[in-house]
Structures are given as C-alpha cells and as structure tokens.
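Keep the structure open while you read.

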Amino acid sequence: MPDRSDRSTAEPLEFREATKRYPGAATPAVDGLSLEVPAGEICVLVGPSGCGKTTAMRMVNRMNEITSGDILLGGRSVKDRRPAELRREIGYVIQHIGLFPHWTIGENIATVLKLQGWDKPRIAKRVEELLDLISLPPDTRDRYPSQLSGGQRQRVGVARALAADPPVMLMDEPFGAIDPINRERLQNEFLRLQAELRKTIVFVTHDIDEAIKMGDRIAILQEGGKLAQYAPPAELLMYPASRFVEDFVGSDRALKRLALQRVRDIDLWTAAPIRVGTPTSEARAKIEESDVPIGLLVDESGRPQGWLSERALAGERVTKDLRSPAEPLLDLDAVLRDALAQLLSSETRYGAVVDSKGTLAGILSLEVIQHFLHAAPAASPTGADLLIE
Amino acid sequence: MTGPALAFLGDFGEAIEFIFKERESVSGGVQIGGLPEMLGFTATHMYVSIVALVIAAALAIPLALWLGHLGRGDFVATATSNVGRAVPSLALLAFFISFVGLGYTNVIFVLVLLAIPPLITNTYVGVRQVDRDTVDAARGQGMTGIEIVRKIELPLALPAIFGGLRTSAVNVVATATIAPLANVQTLGEPIITPQTYGFVGQLGASILVAVITLLVDFIFARLQRAVTPAGLKLASPARRRRFPFPTRRSPKSA
Amino acid sequence: MIGLPIAQGLQIQKPGGADDCVASNGFCPEWIVDNIDRYWTPLLEHVYLTVAPVAIGFAFSLALAIVAHRRRWLTGPIIGITGIFFAIPSVAAFFLLQPITGLGYTTAMVALVSYTLLIIFRNITDGLRNVPAETRDAALGQGMTERQVLYRVELPMAVPEIMAGLRIATSTTVGLAALAVFAGAGGLGSEILVDKRFKSNVVVAGGLAVLLAAAFDLMILGVQRLMTPWRRARA
C-alpha cells in the first residue's frame, strides 16, 4: 500500500462565532461556537442530546445554514461556494450510512467522483484502491448494499466519504448503529486509517468514552449549543473546566485517564531482585536501596518467583522461603486500567511488572498509580497512541 | 352568438332543462324527461346499488376479516384485486345477459361480483395493518379469536374497510349505469336509447349520474374520516406500514 | 362464483352443426375459430385505447408529481381534482365531454387519461415519499443538487411503486376502454354490444379483454424486474 502519511491533503477548520438559530426558537441551537481544528486532527463534538453537536457539524457542509458567524475551511469561508460544490469537497458519514440501494457498492463509492466528472478508468482504479483500504475484497464492487453486513456497509460509507480525498471529513455517530463488539473493531480500524491518511475530521458522538478514545481534541457542548470546554482528552479528564464538564465526563474520570496509558509509560517503583544463595548482607543492602521494603526472589533469568519472607534472610545466604507468590505478573505493555484491575482483584499490595521476556521491569502499586494521576502529564496521550505501537 | 363555448353551454343548458321539464321524445309521440321520470330512474339506480352493496358487504367483509385475522389471505386478496380490476364491467354484464338473461337478479348479481374485490382487499389489508403487538397483548390477556376481531381488529380496520366501501360504492353506482342493457331501467336508460331521448337526454342522464356518483364518493369519504380514530389520524405516514399490493381504490368500471 | 350460471347456460356443442349451435345460442368453438378474425381490429383498437391513455397519463402524472415533490402543499389539491375526475363514471364522462370534444377517439382518450391520473400520481408521490430520510441526507451530503437527488436517487428508488401504479392504471384502463364504445370509439366493447346476447361473442370479446389485462400486467412486471436488479440481490 502506498505510503500516504506525507501526502496529506488535510486543511485546518475553524468555527468563528458560528451560530444557528431556528425561527421561532427561544434559544439558538448552536451559540457562538468558536474553535480551531488543526489540519490532520480529529475534533470530537460531544454532549448530551439537544446540545447542538450534530447541528454544528452540519453547519460545516451547510446541510444546516449558518445564521451568523462563519466557518472557515482552510481559511476560506464555507459560504463562498455553492452548497453542492462545497459538499463534494467534504467527506460525509452518517449514522445510518445512507448507501443507495439501487447502486452497486462500486457505484456508491464513486458517488462524488461521478459528480466531479472523473472518467471511468480513473474511477475504477480509485474504487479498487479504496476497497483495499477498507479491507474488503475487490469483487465487493459489483454487489449491492443489501448483500453486505452492517459493519461492511459502514466501511463502505467511510470509503465513499474518502473517495475524492477531501480535506475535511464529517462523521455523525458513524459507529452508533453497530453492535459493541464490531464497534470497537471499527473504531480501531478507523484510527489506524487516520494514522495513515491524517484527515481533518469533525466527529460527533454522545458517548464520552468514544470521544476520549477517538479524539485528538474534544469539544464538549452543553444545551443551548454552548461550548463548555475544548481540550485534548487527558487535559479534559484532569482539569474539567466546569461542574457540567465534570458531571458529563463522569466521576470515574481518573479511571478514564488510566485507559489512555500503558504501564510502560509511567514511573514504576523499583524492587530488589534477589537470587537464591546471595549473601544476606548484600540482599539487605539492595532492599534498603529499592522503593519496596520487601525482597523479590528471581531466577537466573530475572523472572520473579515470589516475595521473600524474613526467614529467608535469617541465615548467611538467602533461601527460598516465600511469604507470598509473585502473581499477579503485570504486563509492561498492558493498558494501565487493565493492570489496575488485575491488581485490585488480587490481595497483593505490590504488583510485579514484567516485560515480554518475563524479566522484572518494576513494581506497580496503588500509590504508584495515584502518584501518576496527580502529576501533570509530560505529553497528552490519545486513544490513537495506544493503537500505534 | 355561436361558437363552441356557447354551444357547449347550450347543450348543457338544454340537458339540465331536460332533467326538470318534460318534452317530446326525438322519435315523437312519447313524453320524456322531467323530474318524475328522472327520479324514477334514480330510485331504480339506487335500489340495485344499495342492495348489491349490502349483499357484497355481508359476504366479503366477514370473510376478509377472518382471513386477515388468521393472516392467511395474501394470495386471495392480491388475486381478487387483480382479477377484479381486469374484468371489464361491460363484459361481465354481457356475459350474464347471454348466459342467464335479463332482469334485476342478473344485474344485482353482476354488481355484487364487482363490489366484492375492493371490499375483500381493503378489509384484509386493513386488518393486517393493525399493530401485531396490540393483537399479541390482547391474546396474552386471554381474549379469544372472535373477541379480538370484534374488539380490536375490526374497530382499528374500520377506516380501511370504509375505504373499500367507498371504492365499491362508486364502482357499483357507476356500473349500474349500464344496467339498462339487461332491461333494468336505471339512469343509464336515456343513455342507451338515444333514438328516444336524443343527445340531450343522454347528456342530462350523464350529468345526473356524475352528480350522484360524486355525492356517493363524498359521503363515503366523510364516513371514512368519521370512523378514523383521532390517534390514527395524527400518525405520521412513516408509521403506517407498507403493503405488497395496492390499498388504494380501484376505480369504478363504468 | 360463476359456477351455477355456467352449468345452467353452457351448452357446448360438438362440431358439425355450427349453424345449430349459433341458432340455439350455445358456446360454439367452431364458430369462434371461423370468426376469430373479426376480433382482431377491435383488439388492436383496445390496445391503443389502453396504451395511449396510460402513457399520456403517466407523462402528466410524473410532471405533476415532480412539481408537487418540491411544493408539498400542492399534493392535496392535485389529489382532490384528479379524484373528482376519477369518481365520475366513465360512461357519464364520455357524454359530458362530447359537447367539447365531439364523438370519437378524442373524447375517449380525454376521459381515459383523466382516470389514470389519480392512480399514477398517488403512486409516484408515495414512492418518492418512501425514500428513507437518511438516504436523501446522504445524497445531499455527497454534494448532489436537489435535481440530481431526484433523478439519480429518489425516482430510481421509487420505481417499484411507480410500476405498481402503472399496473393498476393499465388493468383499470383495459376495463374502462371496453366502454369507449359509448364515446364513439371502437375497442372490444363495441364487439360485445354488437351482439350482447350471443354467448360465444361475449365470451371471446370479454375473455380477450381479460387476457389483454393479464398480458400488460406481466409485461410491466417484467420491465420492473429488469429495472430493479438490486431487489433481486440478496445476501
């Protein structure tokens, strides 16, 4: 597959005091929304129903006309062009997908290409590329939407939006109609795709967890179409700007932050790895120097065997006398929230973290996690970072 | 003062005069036209129509209600509606004239046959259109089949049933126009005997037929609206189910 | 339904004695075979009296439906007016039109066309309305103009309903065309009236009409199948 990461056609998007007022309504649906989405980033619009997130998204491609204010695509107002022209340059993915049942998959994908007057060979080649991109076999081109599953149709919807390589994409609850298992798969696939294509995307969802997973930046809207906070996920979770944001994000926001991190990313405590037969004086010295006041018995390769009891250090040399087993052994590459879950389900205070070979890498405990949560993050992790390893 | 427009009005003017005032027949010697004669024709017309409609309703509606309740009549409903539309009323009437003969029985028989298809189709579809969940709930509460039909399916299907009655009524009244071919003197009599009644008579009778049929259509339309429960009237089109065969009126065949 | 009268009235005559058969008004296969030619012209006239009104009615209805698609408020009045045309019995209409259009095919055509309007218009409108909102939304969102949405998406998706309307209109018109004789036109109806008491005649003429309706029905169904390959495709 050709490398597209340097061929980014994405453009930045800016909402400038964008307002949508419906005639006869007391309050505006979208009220003076101002935010900037840098090129190549996913901005998630999230909020309770009625907050205007979908309305705001639809103002970008003028499916809803802007009452006042403006929206700038690559610096150019969206009001500049005729709506139909504008929309051909913006990818549009909606919840129920809206594939045309009377067209083949190939014809569906080529919708905008046909509108732009591409010739047949060029269209055929592009369709082939796109089917490959969304991991569907080439013969899908001649099938009809009714023959595909929900997940497959959703992917075709994305391909259709990507066909003309638009600078911006709008996605309105695109995975909302999919079952939870496939939804996660589709989300991951999409994030991988985005890592390659780096489109500027406005993504609407009502699910804060999806927002945290998918977004580079999250815009929380409250009723009346007002912006409550616009920030990267980690910042949102650590410093909610208002009571509303706090409530919306959920009282478990600390846990949500842990879902964005791997064990390897944080500062673990040290423990003294001690082999059988080591002189006890040496062992005690090591234990003194480490963070954890108990010795950890390891084998010749450094794999943890268990925590040493006092009796093990009674004599001249260390014996294999364990107070407790080394389990649970936590994976260095695990998501921090999962590691915490493991720790909580056991009775141990200290969790031994091992790398892919099984060697001791550090110690995880509740205090380590608490310490991490209270320190300011060095970089702002996103859900995408977790996937791209 | 000539020209097609006035001539047009002239013909109509004369025709209306024909309805109300007696005059001498075209062939001479007989008095034709005038209100008494017209009313007589109208009475015959309505008589055969009403009788036929009542008989057809008594036969078709219970049958279709039961089929709809069971959910077994798809084929019957489609077939009758297709056949019913395709058979020309004239052919049917002539068929019975040639095989059975002339007279009231014959005519009423034909009218009943013509009235049945829309009644079956519309009643059947009307019953099928009742929300299955509602019927389920009723069954769950212990209602028997007949009770369900009586208390739930019939009331909810009334608008569709009246739609069918409307179609059939219009069909029947319209077809009764050609009954004189079988010696039953409805309003079609002046139409098929121009030698006596002249074009004026034909036109006058046509006007009456048109007015009466429109009236019947209007009355049944009102009745249909009257039996539509307020809740259904407010339901958006998206909530009403779609059906494989058309629920709309098949028009009168005369 | 028709069993009893047939049993009573049917006297199928053996060949040999065609004149006797005719004289006693039986059902005479030999007579039919001999005289089949005289039904040819009326049949053709009947075909014309069916196809032309439906085609013209379709053109009108389509135009009306497209206009009413944008201006929804027009739908009610259009249905009201075409409904009135529809309710007036054809025989009456044939006469009511004569002062204006005279005796002959024009009158028949005008009346028959007006009957098709309500049916076809309503079917096209329903078909267009039944296009799911999200499909329309997606079409507009991809960058189609309203016109493109109508012609590339909504109308193609409404084909099944439109075809259903054409089928109803056609069978109906076959039936009504039988009465065109009253307007001064030809058709199988005129053959029936030529001798309405002669069984063979009635059966043939009437039967041909029914067969014609069935044939048209199947043809339109066939066209519909051809036009909608996506409905046959199943996962």
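How far apart do the closest C-alpha atoms of chain A and chain B lie? They lie 16 Å apart, and no contact (heavy atoms within 4.5 Å) joins the two chains. This is a predicted model: local features need pLDDT of at least 70, side-chain atom pairs count only at pLDDT 80 or more, and totals for chains, interfaces and linings use all residues. Residues are numbered from 1 along each chain as its sequence is written, chains are lettered from A in the order in which they are written, and side-chain values use heavy atoms, without hydrogens and water.

**Chains B and C**
- Two pairs of chains touch, and chains B and C have the most contacts.
- Here 48 residues of chain C contact 46 residues of chain B.
- The two chains bury about 4200 Å² (accessible area lost on being put together, 1.4 Å probe, summed over both).
- Carbon and sulfur atoms carry 77% of that area.

**Strands of chain A**
- Strand 3 (residues 42-46) and strand 9 (residues 217-222) of chain A run parallel, joined by four bridges (strands are DSSP E runs of at least two residues; pairing takes at least two DSSP bridges).
- A:Leu45 stands opposite A:Ala219 of strand 9.
- Strand 9 also pairs with strand 10 (residues 226-231) of chain A, antiparallel, over five bridges.
- There, A:Ile218 stands opposite A:Ala231.
- Strands 9 and 10 of chain A form a hairpin with three residues between them.
- A:Gly224, in the turn, has a positive phi of about 95°.
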